[in-house]
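The entries follow in the order in which I made them.

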Amino acid sequence: MWDFEHEPHKSELEQRYTLDWMMPSACAERLALPIDHPDAADIGLVPIAALATTPGLLIVPGCAIAAKRKVRSILLVRRAGQSLAEIKTIAADTSSKASLAYSQILFKKWWNPEAVFLPHRPDLDSMLEIADAAMLIGDPALYALEERQNHEERTGQELIYHDLAEEWIALTGVPWVSAIWAIREASLAASGRTLDEVAADLTTSRDHGLANIEPLVTEWSARMTIPASTIHTYLTSNIFYELDPECRTGLRKFYELAAETNILPAYNL
């Protein structure tokens, strides 16, 4: 979002876009509203699960939130004395429907198909009070990794932290793709712009952001109690930002397995 927040492109983009900031799951909800609803959105950065449940959406080519190795920000945390196959309940942050779907696929396909997911606010202590394991997404996952040693010393619990992107990649051989830009076909038609033109705005902004990693690290280090080195690694090594052919293969595998395990309706990319 670099160009949308920084000149010299911010003013130009403000003539074409009105921004609202929210979680990816909320973006998907806004795109699922009737187009004439006052809260409806035309375009959003949405969990990839939304494409299978919301008709009339197009993928805007170019950008993705993906990982080709560890992602750090999607974790499954379990007690060391209990194997993955023995886990019966998972307290799950539901802020990303894609991350939830990935976790459900991993359990249904490889670990324990009988496991039950319980929606829960992202707090590791209270999650592990009600369930065998906890799934954390985004900032809570990053904080949990930073607090890992403190948590074990404080509680006396030995915990295992699974990076779910790493697990997915090891089991399927394809990247983990979490979110993409999606646009309503009707909104694109009404805008008078082409899909490639919209994609160019977003990919140019992405590229300018990648050229300004150090200012972003400085900005986010002031907002989060996470070392600057961790934020730098996250932005440069953990997250992959391009919807390349390999990531499209990852998307197809996700939709295939989500349909096979009855987690999402069938969707052809």
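I took two strands to pair if DSSP finds at least two bridges between them, and I took helices (H or I, at least four residues) and strands (E, at least two) as DSSP runs numbered from the N terminus. The model is predicted, so I kept in mind that local features need pLDDT of at least 70, that side-chain atom pairs count only at pLDDT 80 or more, and that totals for chains, interfaces and linings use all residues. Residues are numbered from 1 along each chain as its sequence is written, and side-chain values use heavy atoms, with hydrogens and water left out.

Entry on β9. Strand β3 (residues 63-67) runs antiparallel to β9 and is joined to it by three bridges, where A67 has W176 as its bridge partner. Nine of the nine residues of β9 are buried (under 20% relative accessible area, with a 1.4 Å probe and protein chains only), so the strand is largely enclosed by the rest of the structure.

Entry on S178. Leaving aside residues up to four places away in sequence, S178 touches V46, P47, I48, I65, A66, S96, A98 and S99, where contact means heavy atoms within 4.5 Å.

Entry on the open sheet. I noted five strands in the order β6-β5-β7-β4-β8, with mixed pairing. The edge strands, β6 (116-119) and β8 (159-163), each pair on one side only. Strand β5 (residues 89-92) pairs with β6 in the parallel sense over four bridges, and T89 stands opposite V116.

Entry on α5 and α14. I asked how the axes of helix α5 (residues 97-111) and helix α14 (residues 245-260) are arranged: they come within 10 Å and cross at roughly 60 degrees. Axes here are lines fitted to C-alpha atoms, for helices over the stretch in contact, with angles from 0 to 180 degrees between N-to-C directions. On the α5 side, A98, A101, Y102, I105, K109 and W110 meet F254, L257, A258 and E260 of α14.

Definitions and conventions: Buried < 20%, exposed > 50% of the residue type's maximum accessible area, 1.4 Å probe, protein only.
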